[in-house]
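Please read the points below with the sequence and the model side by side. They are written as a colleague's notes, and each one takes up a single topic.

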Amino acid sequence: MTAEAIRDTHPPSPGRRPGRGPAGLALLLAMAPFLAAAAPSGVPDKPGMPVAPDLCTAGQRATIEAAFGEAGTRLAAAIALLESAPEDAHVRRWFGGARRKLLRVNLGLIAAALRPEARPALICNPSRPCDAGNWARASTVGRSLTFCPRFFDSPAAGQDSRFGVVIHELSHIVIGTRDATYQPARSEALARDEPRVAATNADNYEYFVELLPESRPAPGSVGKPEPLPSGG
Ligand SMILES: [Zn+2]
């Protein structure tokens, strides 16, 4: 792995373009058997009760659990699209001409990391506070995922939603993505101009899954259109 162990989900940062590099996929695959989860157990979520640093309250764990579940559902739909229609406009929008086989492998690795037994350690209320504006941060060496207050304030679905943040951060941990650029417009430009880089950029994976056109409402999602009234 590189020396840069911590990758954060940042707000937009124009002009920030860290170096590129291969995803280190072979190494990660080789390490996979040793990457067992070691999540700290939850603590009661009682009003006024102090929370030990790094531990998640029961309420926080429930929110995280829901985000992992939603990420799994949406990621499965995104993989299905990639397999059934690899040149679909949505695939091209986020990955341009990047190799479809590579994308399929990478998305599969993220999906595998969503399984309860494969998850990184989950940290809330970190003793090292989150940087302002961050949703979460991933440690690729410690293989932990820290959730910041902004994550819990984010919506369950839509752009920069909780499940999308989970996809973004897990992509750092399991496929070694970078933050070459952030936010939809710049991620789309990356897909168009440098698809090989887009295939290594965390936000491209996040938005590919997060903004996947829905053919049917996902369980628990909000803001879906009401059925048309009869005669309307
Ligand atoms: Zn990131």
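At what angle do H2 and H6 pack, and how far apart are their axes?

1. The helix pair. H2 and H6 pack at an angle of about 75°, and their axes are 8 Å apart. Axes here are lines fitted to C-alpha atoms, for helices over the stretch in contact, and angles run from 0 to 180 degrees between N-to-C directions. H2 is therefore roughly perpendicular to H6, given that angles under 35 degrees count as roughly parallel, over 145 as roughly antiparallel, 65 to 115 as roughly perpendicular and the rest as oblique. On the side of H2 the contact is made by Thr-63, Ala-67, Phe-68, Glu-70, Ala-71, Arg-74 and Leu-75, and on the side of H6 by Arg-162, Phe-163, Val-166 and Ile-167. Two residues are in contact if their C-beta atoms, placed from the backbone, lie within 7 Å. The residues of this contact divide into seven nonpolar, one polar and three charged, where Ala, Val, Leu, Ile, Met, Phe, Trp, Tyr, Cys and Pro count as nonpolar, Asp, Glu, Lys and Arg as charged, and the others, Gly among them, as polar.

2. What kind of model this is. The model is a predicted one, in which local features need pLDDT of at least 70 and side-chain atom pairs count only at pLDDT 80 or more, while totals for chains, interfaces and linings use all residues. Residues are numbered from 1 along each chain as its sequence is written. The pLDDT is the predictor's confidence in each residue, from 0 to 100; its mean over the chain is 79, and 69% of the residues reach 70 or more. It stays under 50 over residues 1-5, for which the model has six contacts beyond four places in sequence, and also over residues 10-45, for which there are 53 such contacts. Where pLDDT is low, the predicted coordinates should not be read in detail.

3. The overall plan. The chain has nine helices and four strands, and from the N terminus on its elements run β-α-α-α-α-β-β-β-α-α-α-α-α. Helices (H or I, at least four residues) and strands (E, at least two) are DSSP runs, numbered from the N terminus. Of the 232 residues, 36% count as buried; a residue is buried if 20 or more other C-beta atoms lie within 10 Å of its own, exposed if 12 or fewer, and partly exposed in between, with C-beta atoms placed from the backbone. Among contacts between residues at least 6 apart in sequence, 68% join residues at least 24 apart.

4. The core. The largest nonpolar core has 45 residues, and those with the most contacts inside it are Ile-110 and Ile-167. H6 gives the most to this core, with eight residues. A nonpolar core is a set of buried Ala, Val, Leu, Ile, Met, Phe, Trp, Tyr and Cys residues joined through C-beta atoms within 7 Å. Leaving out residues up to four places away in sequence, Ile-167 touches Ala-71, Leu-75, Ile-110, Tyr-205, Glu-206, Val-209 and Glu-210.

5. Helix H9. H9, which spans residues 202-210, is mostly covered, since nine of its nine residues are buried. These buried residues pack against H2, H3, H4, H6, H7 and H8. Asp-160 itself is placed in the loop between H5 and H6, and it counts as buried because 21 other C-beta atoms lie within 10 Å.

6. Two positive phi values. Most residues other than glycine have a negative phi. Asn-125, in the loop between E2 and E3, has a positive phi of about 45°, and Arg-143, in the loop between E3 and E4, has a phi near 50°. Asn-125 is buried, with 20 other C-beta atoms within 10 Å.

7. A buried glycine. Gly-96 lies in the loop between H3 and H4 and counts as buried because it has 20 C-beta neighbours inside 10 Å. Leu-190 is 94 residues away from Gly-96 in sequence but 8.4 Å away in space, C-alpha to C-alpha. Beyond its neighbours within four places in sequence, Gly-96 is in contact with Ala-191, Arg-192, Pro-195 and Ala-198.
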